[in-house]
Amino acid sequence: VNQWRIQAKRLWDKRFGNDPAVNAKNFKVYLAGIPQIPEGLIKDDSELPLLSLADPRPGLLRSCKLLGIQYEELGYSDDSVEPFDGRFAIPTTPFWFRHDDGRKNRKRCPDHCRDELTGDIQVGTAVEGIFAYAHHPDIIKEGEHLIDLPGSVRRVARGVCAYLSMWRGRVELHVRRRSGLAC
């Protein structure tokens, strides 16, 4: 319950409740629109040790603005990305998800990571990546680690996936990573 309130408050403080898509008059109203953490996600998981709350209602572009992530400034819009396939469709209401920091997949092709996973464990999407960063900012580190998000691909170039990185102290969401190449 404490994690539920803490993460909701973090997004409230970033003004998610004030967004016209949400329009919550106060934190209590905003919190009422946040689902409880699903039973299956409460238990600690060594494979996916991090838990995050996503509120996709404002849309990707507006969410990036609220979180201070460069996206529109890099020439992207809400229409720049789409799910790789139906497995990666993003809910339109707030949701919880478990994840790791992506470090175990360093130097691997995003395509391979996406195609090898089955069942409930999937690779991240652009939306999940920005909210993972909002709650766990140490998951990326300038000059050391970025996060590939191959669940989201560029609408006009499906062989290119999203990634979250830090450059010159700014967090950036790009959609230009060749997902068939390891780095």
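The structure is a predicted model. Its four-stranded open sheet runs in the order β2-β4-β5-β6 with antiparallel pairing, and the largest pocket holds about 1200 Å³ of space.

**The sheet and its helix**

- The edges of the sheet are formed by β2 (81–83) and β6 (170–178), each of which pairs on one side only, and neighbouring strands are turned against each other by 50° on average, direction ignored.
- Strands β4 (residues 147–154) and β5 (residues 157–167) are joined in the antiparallel sense over five bridges, and Asp-148 has Tyr-163 in β5 as its bridge partner.
- Helix α6 (residues 126–135) packs on this sheet, where it touches β4, β5 and β6, and the direction of α6 makes about 10° with that of β5.

**The largest pocket**

- The lining of the largest pocket comprises 48 residues, and those nearest its centre are Asp-100, Asn-105, Gln-122, Val-123 and Gly-124.
- At least two lining residues come from each of α3 (39–42), β3 (95–99), α5 (110–116), α6 and β4, with β3 giving the most, namely five residues.
- By residue class, this lining divides into 21 nonpolar, nine polar and 18 charged residues.

**The second largest pocket**

- The second largest pocket, with about 310 Å³ of space, is lined by 19 residues, of which Leu-60, Asp-78, Val-81, Ile-90 and Val-127 lie nearest its centre.
- Two or more residues of this lining are given by each of α4 (60–67), β2 and α6, and α6 gives the most, with four residues.
- The lining of the second largest pocket consists of eleven nonpolar, five polar and three charged residues.

Key. Residues numbered from 1 in each chain as written. Predicted model: local features only at pLDDT ≥ 70, side-chain atom pairs only at ≥ 80, totals over all residues. Heavy atoms only, no water. Pairing = 2+ DSSP bridges. Axes fitted to C-alpha atoms, helices over the stretch in contact; angles between N-to-C directions. Contact = heavy atoms within 4.5 Å. 1 Å grid on protein atoms, 1.4 Å probe; cavity = no way out; pocket = protein on both sides within 12 Å on 5 of 7 lines; lining within 4 Å. Points joined across faces, edges and corners; volume = space filled by probe spheres on them. Nonpolar A, V, L, I, M, F, W, Y, C, P; charged D, E, K, R; others polar.
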